[in-house]
Each structure stands twice: as structure tokens, then as C-alpha cells.
Amino acid sequence: MGRFMVSAEHNVVELPAVLDLDAIETLRDSLQEAIERGPVTVNSAAFEWVSTNAIFMLLSAAETARRYESQFVVAAATEPVKAAIARLGLSSEFAGLLKG
């Protein structure tokens, strides 16, 4: 599997409709690359299904960005993503990360 689309111009990581266990390593690499360049926007508008591990990967990436003193947001979160976050009891952790 290749990298997720990372726009160099805007440092946006575009995520696919299905983010499962097979995609975790690629997601990690793409997020790490983006975080090292500066503020990151993760566009999750295409999400239809997301694994628990992917949710935790996003939370970990947000913490890494914080350590780099950089902004990290998850834009256009779909209802399935919001539902997964709530189901895992992570709403407060994602409160400052979700935009739109």
C-alpha cells in the first residue's frame, strides 16, 4: 500500500474511506512526514469506516505535533468517525482537534 495523499502546499493528509489495520503503518509514516514539516490538517471527509487503532494513531499524532509545538487538526470529521471517538470515550481528547 502506498502513502496517503499529503499535500506539500498545505500540509494536508487526505485519508481514505476505509482506514483499517492494513493501513496503519502507511498512516503513521504519512503523519510523521507531515508533522515534521509543520502544522497538519488531516482531512477525514471521505471516512466511512475507521478502526480503533486508527483513532488512537490520530490521537498519538496529535500528541507528537504538540511536542513539536505545531498545530494538528482533524477536518471534516464524518459521523462514523465522531461515533467511533464517542464509543471509545475519547470525545474530550478530540474536542480541540476536530474542526468542521
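Residues are numbered from 1 along each chain as its sequence is written, and side-chain values use heavy atoms, with hydrogens and water left out. As the model is predicted, local features need pLDDT of at least 70 and side-chain atom pairs count only at pLDDT 80 or more, while totals for chains, interfaces and linings use all residues.

Let's start with the helices, which are DSSP runs of H or I, at least four residues, just as strands are runs of E, at least two. Two packed helices are described by the angle between their axes and the distance between the axes. Here the axes of α1 (residues 24–37) and α2 come within 10 Å and cross at roughly 20 degrees. The two helices are therefore roughly parallel, a label for angles under 35 degrees.

Which residues of α1 and α2 meet? From α1 we have I24, L27, R28, L31 and I35, and from α2 N53, A54, M57, L58, A61, T64 and A65; contact means heavy atoms within 4.5 Å. By class, that makes nine nonpolar, two polar and one charged residues.

Now to the loops. Most residues other than glycine have a negative phi. E69, in the loop between α2 (52–67) and β6 (72–75), has a positive phi near 55 degrees. A76, in the loop between β6 and α3 (79–87), also has a positive phi, of about 55 degrees.

Are they buried or exposed? E69 counts as exposed because its relative accessibility is 76%, and A76 counts as partly exposed at 29%. Buried is under 20% relative accessible area, exposed over 50%, and partly exposed in between, with a 1.4 Å probe and protein chains only.

Technical notes: Axes are lines fitted to C-alpha atoms, for helices over the stretch in contact, and angles run from 0 to 180 degrees between N-to-C directions. Angles under 35 degrees count as roughly parallel, over 145 as roughly antiparallel, 65 to 115 as roughly perpendicular and the rest as oblique. Ala, Val, Leu, Ile, Met, Phe, Trp, Tyr, Cys and Pro count as nonpolar, Asp, Glu, Lys and Arg as charged, and the others, Gly among them, as polar.
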